[in-house]
Amino acid sequence: MRRAAFAVAAGAMAVSLAACGSAKESGGSSKSSGGASKGDAIKVGLLLPENQTARYEKFDKPLIEKKVKELTNGKGEIVYANAKQDATLQNQQVDTMITNKVDVLIVDAVDAAAIKNSVQKAKDAGIPVVAYDRLAQGPISAYTSFDNKTVGKTQGEALLKALGSKAKSGKIVMMNGSVTDPNAAQFKAGAHEVLDGKVNVGKEYDTKEWKPENANSNMEGAISALGKKNIIGVYSANDGMAGGIITALKAAGIKVPVTGQDAELAGVQRIVTGDQYMSVYKPYAPEAAAAAEMAVDLAQGKALDSIAKDKVDSPTTKQVPSVLVPVTALTQDNIKDTVVKDGVYTIADICTAQYKAACDKIGLK
């Protein structure tokens with residue numbers, strides 16, 4: 001997600017269908033790893049990592065399903081499983097997909113390193129793998145996500161803007177994501193690039209499994225260690241953790257700027273009330289569309305050259321054909337021009353009775 005970013009309407013990323021390629025361990029290739037060409041009657045395995053974050057079941061799954069159906073004239077089949085934050089279960093799910101002879105896999109890894117052997121198994125079975133949202137290790141054929149380092153920069157820049165001249169008047173707390181998620185390391189790196197030298201970091205945490213309750217516990221520890229009068233802001237890597245953080249802050253009588261990510265409905269509502277300063281809006285439709293298009297092309301034995309304009313290196317695979325989707329900082333000022341305009345939420349969704357007065361106050365009608 002990026003600060004100077006351009007919000008991208010979902011439809012704007014409807015990329016032209018082309019070819020999908022597999023990136024080999026020694027480098028990328030424009031040739032398909034999907035084997036013999038197939039028609040529209042393909043079987044696409046979709047593995048998502050968890051169901052605590054609202055986005056996966058509400059947005060990613062239905063968007064990918066819809067796009068696959070559209071691209072295959074209704075003949076493509078989606079075989080779906082959710083790992084519920086369990087890396088071992090997800091590896092078992094890959095085995096099941098291989099047994100079921102899917103033609104291609106779209107995998108959002110619970111643990112990017114732990115999935116490596118399963119990705120290799122899929123490749124050995126002739127099944128190309130599209131890494132979705134998180135850069136899985138192993139011989140993946142394609143990848144789509146957001147510019148994750150820029151997400152962290154966007155969050156850091158927003159926090160600096162909120163703090164203004166008071167940026168060094170106290171301590172900030174940094175609540176990073178899970179160490180098993182490579183995206184979390186990139187968010188963290190981007191945020192540090194912006195914040196280092198401009199703020200004083202009093203406490204910093206890597207939050208186990210991204211869980212709000214763990215962020216809440218960490219925040220309580222930070223308040224106890226630093227003293228509530230010394231905390232001037234919180235970098236939170238996503239909205240779910242921001243909710244747990246804000247609960248701890250409120251219990252201590254503290255109100256300071258808190259960042260977020262994912263533009264979850266609860267996060268947007270906290271932005272409306274001023275409890276949360278910002279979120280990073282990631283337009284899921286173009287990300288899902290790119291994953292579906294690459295998966296269908298791979299399954300049909302095509303190459304990726306015209307859709308995957310970027311190349312990304314993982315720890316195990318170089319020059320992976322990739323689609324990186326732009327993001328934007330979401331604040332009170334642009335709710336209507338982002339999530340409402342793109343049809344993610346209606347004003348009625350956001351401005352329920354509990355939030356009506358706050359919506360009126362900021363002109364969200």
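The structure holds one disulfide, a term used here for a pair of cysteine sulfur atoms within 2.5 Å. Its partners are C351 and C359, with sulfur atoms 2.1 Å apart. The torsion about the S-S bond of C351 and C359 is about -95 degrees, so this disulfide is left-handed. Both C351 and C359 are buried, where buried stands for a relative accessible area under 20%, exposed for one over 50%, and partly exposed for anything in between, calculated with a 1.4 Å probe on protein chains only.

Because this is a predicted model, local features need a pLDDT of at least 70 and side-chain atom pairs count only at pLDDT 80 or more, whereas totals for chains, interfaces and linings use all residues. Residues are numbered from 1 along each chain as its sequence is written, and side-chain values use heavy atoms, with hydrogens and water left out.

Helix 6, residues 212-226, has 15 residues and reaches 21 Å from its first C-alpha to its last, close to the 21 Å expected at 1.5 Å a residue, the expected span being 1.5 Å times one less than the number of residues. The buried residues of helix 6 are A215, N216, N218, M219, A222, I223 and L226. They cover an arc of only 165 degrees around the axis, which puts them on the same side of helix 6; the arc is that of the directions from the helix axis to the C-beta atoms. The buried residues of helix 6 pack against strand 8 (171-176), strand 9 (201-206), strand 10 (231-236) and helix 7, with contact meaning heavy atoms within 4.5 Å. Just after helix 6 comes G227, which takes a positive phi of about 90 degrees.

Of its 16 residues, 15 are buried, so helix 9 is largely enclosed by the rest of the structure. Just after helix 9, G301 has a positive phi of about 80 degrees.

The charged side chains come next. A salt bridge is a side-chain nitrogen of Lys or Arg within 4 Å of a carboxyl oxygen of Asp or Glu, and by this rule the count comes to 16 salt bridges. In helix 1 (residues 54-71), E65 and K61 lie four residues apart, about one turn of the helix, and their side chains meet in a salt bridge with an N to O distance of 3.1 Å. K61 is buried, at a relative accessible area of 19%, whereas E65, at 24%, counts as partly exposed.

A salt bridge also forms between D275 and K250, whose closest N and O atoms are 3.1 Å apart. D275 lies in the loop between helix 8 and strand 11 (279-281) and K250 in helix 7 (residues 239-251), so the pair ties together parts that are 25 residues apart in sequence. D275 counts as buried, at 17% relative accessibility. Elsewhere, salt bridges that share partners join R55, D60, D133 and E287 into one network. Within it, R55 and D60 have their closest N and O atoms 2.6 Å apart, and both residues are buried.

Leaving aside neighbours within four places in sequence, R270 is in contact with D239, A242, G243, I246, D275 and Q276.

Finally, two residues other than glycine have a positive phi. D262 has a phi of about 105 degrees; D262 sits in the loop between helix 7 and helix 8 and counts as buried at 7% relative accessibility. Q319 has a phi near 55 degrees; Q319 lies in the loop between strand 12 (310-312) and strand 13 (320-325) and, at 37% relative accessibility, counts as partly exposed.
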